[in-house]
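Trainee: I have a model open and would like to learn how to read it. Could you walk me through some of its features?

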Amino acid sequence: MPPPGGYRGARNPELEKARHALVSPLDVLARPVAAPPPMANGPRPLARVGVAALVVAIGWAVVLLGALAVSATDFLFNLNVVVIQLLIVGVIIAAIALKDARRLGGIALAIALVFNVVTIGGVSAVRTAAQGSYEGQKSDEQKFWEKYPGVKGMSASEIKAQPSLEEVRARTEEILAAVRGRLSADYGVTWVEQPVPEDISPERNGYGGESMLRTYTSTIWSTNEAITDNSLKLQMMNTIDEVLYPYGMSQFYPVNDPAESTIDPSIIEKMFGSTDPDLQAQWEWASYDYDTGGWFYGDLYDLSKDTTGRFRTERQADHDRTGVPLEGLSIMLRAEKLLSESDVQTFDQRMSEYE
């Protein structure tokens with residue numbers, strides 16, 4: 001038997017095989033290096049979806065900004081434009097869904113979120129409304145009727161047969177003075193005129209423009225005293241009805257009472273806090289003026305019935321703004337479609353163009 005470890009210098013077949021399997025570093029360097037596969041020209045096929053999404057988003061943004069520049073509001077709210085916007089959104093979503101196109105798709109999405117039919121259309125609509133720049137989108141006939149001095153559905157003779165603005169104002173002052181005097185005499189209340197002046201605003205003509213007629217809202221008078229007793233409230237409202245009757249006005253009726261009002265009970269509850277008049281924080285009574293076509297209103301606020309705090313908050317805001325008493329009775333009158341005496345001649349001349 002050979003000594004342990006074998007004879008010195010003896011060949012070991014297994015060791016020889018292992019040595020032959022080793023590769024010298026010089027051999028590695030001497031081997032030819034394989035060339036990398038040639039790169040394709042341009043982006044990979046899937047990345048092209050991202051390029052397309054970005055180009056489409058930028059191009060669409062330019063189109064929308066151009067429409068905004070020329071105040072083409074009607075174009076922006078066209079059905080075809082909305083369809084195109086949805087198609088662009090679809091391309092962007094497809095780009096984001098693909099890994100190779102996701103980066104460009106994200107940029108396209110950011111552009112689309114800023115420049116789209118909703119944002120640009122909203123800006124255009126607000127600007128057009130503020131400037132009144134609708135002429136470019138209207139026909140000559142529409143522009144013609146937009147300047148109609150009367151009101152659609154009313155003839156010139158009907159308009160001039162009504163009391164004038166000046167007559168309605170004088171009648172209103174007389175009625176309000178009569179109501180204040182009677183309630184002061186019967187119930188000892190005192191009055192304060194709200195600092196908000198009467199309002200005379202243009203009436204729409206029904207053709208997209210303003211007529212020569214006016215809507216008249218009188219000043220509001222309020223009692224300095226709070227009125228919390230329900231029986232006293234009813235007495236005062238009935239007294240007002242007695243004052244209005246000689247002026248040929250309709251019965252003074254409670255808008256806030258479901259038993260007599262034509263308003264849906266659910267709406268009454270939202271408006272006045274309850275469907276039970278005894279629990280309501282606000283009463284509103286009304287009477288129609290057959291001579292002027294106007295309405296007389298009496299609103300009574302009783303914050304002791306306010307269980308939610310909503311009415312107190314609203315009245316406090318009014319008090320801080322105008323100084324009106326928080327509680328008590330307020331009276332006023334409003335009439336529509338009134339022609340001023342000073343405008344009759346001009347009204348006739350302009351109406352002759354539409355005969």
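**Reading a helix, a core and a hairpin**

Mentor: Let's begin with a helix. H10 is 23 residues long, and its first and last C-alpha atoms lie 33 Å apart, close to the 33 Å expected at 1.5 Å a residue. Keep in mind that this is a predicted model.

Trainee: Which residues in H10 are buried?

Mentor: They are Leu165, Val168, Arg171, Thr172, Ile175, Leu176, Val179, Arg180 and Leu183. After H10 comes Gly188, with a positive phi near 75°.

Trainee: Now the core. Which residues touch the most other members of the largest nonpolar core?

Mentor: The general idea is that in soluble globular proteins, nonpolar side chains tend to be buried together. Here the largest nonpolar core has 23 residues, and Val179, Ile240, Phe296 and Leu329 touch the most other members. Two or more residues come from each of helices H10 and H11 and strands S6, S7 and S8. H11 gives the most, five residues.

Trainee: What does Ile240 touch, not counting residues up to four places away in sequence?

Mentor: Ile240 touches Val179, Leu183, Phe252, Phe296 and Leu329. Apart from this core lies another, of 18 residues, including Leu64, Leu68, Ala72 and Ala108.

Trainee: And the strands: in which sense do S2 and S3 pair?

Mentor: For a pair of strands, look at the direction and then at the link. S2 (residues 199-204) and S3 (residues 210-217) pair in the antiparallel sense, over five bridges. Ile200 stands opposite Tyr216 in S3. The two strands, S2 and S3, form a hairpin with five residues between them, and Gly206 in the turn has a positive phi of about 85°.

How values were computed:
Residues numbered from 1 in each chain as written. Predicted model: local features only at pLDDT ≥ 70, side-chain atom pairs only at ≥ 80, totals over all residues. Heavy atoms only, no water. Pairing = 2+ DSSP bridges. Helix = DSSP H or I, 4+ residues; strand = E, 2+ residues; numbered from the N terminus. Core = buried A, V, L, I, M, F, W, Y, C linked by side-chain atoms within 4.5 Å. Buried < 20%, exposed > 50% of the residue type's maximum accessible area, 1.4 Å probe, protein only. Contact = heavy atoms within 4.5 Å. Expected span 1.5 Å × (residues − 1).
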